[in-house]
Amino acid sequence: MKDIFKLLKDIKTPAYVIDEARLRSNCEILADVERRSGAKILLAQKAFSAFATYPLISKYISGATSSGLFEARLAHEEMKGQNHVFSPAYSDEEMTELCQICDHIIFNSLSQLEHHRAKWSLSNASVGLRLNPEHSTQEGHEMYDPCAPTSRLGIKQHNMTVHLPKGVEGLHIHTLCEQMVEPLIETVEVLEKKFATLLHEAKWLNLGGGHHITKDGYNIEKLVALIVRLRQTYNLEIYLEPGEAVALDAGYLATKVMDIVDNEIPILILDTSATCHMPDVLEMPYRPPLFNCGEVGEKPFNYCLASRTCLAGDVIGTYSFDQKPEVGDMLIFGDMAIYSMVKNNTFNGMPLPDIVLLKENNTCEIVKSFGYKDFKERLS
Ligand SMILES: *Cc1c(COP(=O)(O)O)cnc(C)c1O
């Protein structure tokens, strides 16, 4: 195990650090899934869009998928391979450009499909429809469940035609979030029951994201078997579009202690912020791993980690330390490549963290630094 504190000791904080070796090892796993299953895997850019790493990623997987025009443009400019897009709604101007730069365009409703028919039917893009199989596999997690009641995402069986509308070649589902293979297998079985005719007519099926393929314990054999079965049964091209799995555990957020105050528990004031730099900590919510530190009470010294913004709730959590931390110490959060850089903001005028690449030769390269201009230019 490399000494991450030593490798990062000279970088300016706060900084997101992308660990190239770990990114590559995730990509190797995904490339192996592509090779053995015959599926094509796309990076869901909404999770991770650090395009400095796209040349590396595109050596292993088949392309990228986008949540709208800007991500699609980014993939078109920076990623080799296929470019897919899904959005619940596209404007007319967006559709004109998407038809020129996307290989697949996925619509969320029959009305959007028809609204844009004149444009997509004249383009080279292959068009698909997102279905809602109405099969929730996550409990108490409505925020991340496209099958939740009243969801706007995907066409339900009773709103869908029996046959594919003219010109439509593909089907798309996305119903999982950080899940192992079993919920996917279940979901596909429901899909087959409800939409068998469409599956036989379609050329491709996109199984969305939320597959935790690169997490320890994910049953890749079962995933490969499922894909092979679908390809053979329905003569389909299969796509997977994971975001998380591509850059899982492939990044850090390095921060420094700026002050220590006390209110029943000692509190570290950091140069980073949950709400600005890792909003999912508050939104999901979740507790990010912190290197060399433990759960409350696990190690001798407990500290609450908080930000220097004025938001009272801008608190990351309480962690325990072997030694009392001091002002100036560096702390390193783990798993900070995904849903971090893509979601950050400058609330409170907080400076944005630099983006640093930890290369495979163990040197650090600053890919991007941000300053006052990045704050000001978004405001008027
Ligand atoms: C969010 C999303 C993904 C990626 O999900 P991960 O959980 O990051 O794997 C893929 N496809 C669609 C349509 C999404 O909305």
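**Aromatic rings in a predicted model**

Biologist: Why does Phe-107 count as buried?

Modeller: Its relative accessibility is 0%. Buried means under 20% relative accessible area, exposed over 50%, partly exposed in between (1.4 Å probe, protein chains only). So Phe-107 is buried. This is a predicted model, where local features need pLDDT of at least 70, side-chain atom pairs count only at pLDDT 80 or more, and totals for chains, interfaces and linings use all residues. Residues are numbered from 1 along each chain as its sequence is written, and side-chain values use heavy atoms, leaving out hydrogens and water.

Biologist: What makes Tyr-90 buried?

Modeller: Tyr-90 has a relative accessible area of 5%, so it is buried.

Biologist: Why is the pair of Tyr-319 and Phe-333 called edge-to-face?

Modeller: Rings of Phe, Tyr and Trp (its six-membered ring) pair if their centres lie within 6.5 Å; planes under 30 degrees apart are stacked, over 60 edge-to-face, the rest tilted. Here the centres are 6.4 Å apart and the planes stand at 70°, so the pair is edge-to-face. Tyr-319 and Phe-333 are both buried.

Biologist: Which parts does the pair of Tyr-319 and Phe-333 tie together?

Modeller: Tyr-319 is in strand β13 (residues 315-321) and Phe-333 in strand β14 (residues 330-333), so the pair joins parts 14 residues apart in sequence. Strands (E, at least two residues) are DSSP runs, numbered from the N terminus.

Biologist: What makes Arg-287 a charge over the ring of Tyr-319?

Modeller: The rule wants NZ of Lys or CZ of Arg within 6 Å of the ring centre and within 35 degrees of the ring normal. Arg-287 lies over the face of Tyr-319, at 3.9 Å from the ring centre.

Notes. Helices (H or I, at least four residues) and strands (E, at least two) are DSSP runs, numbered from the N terminus.
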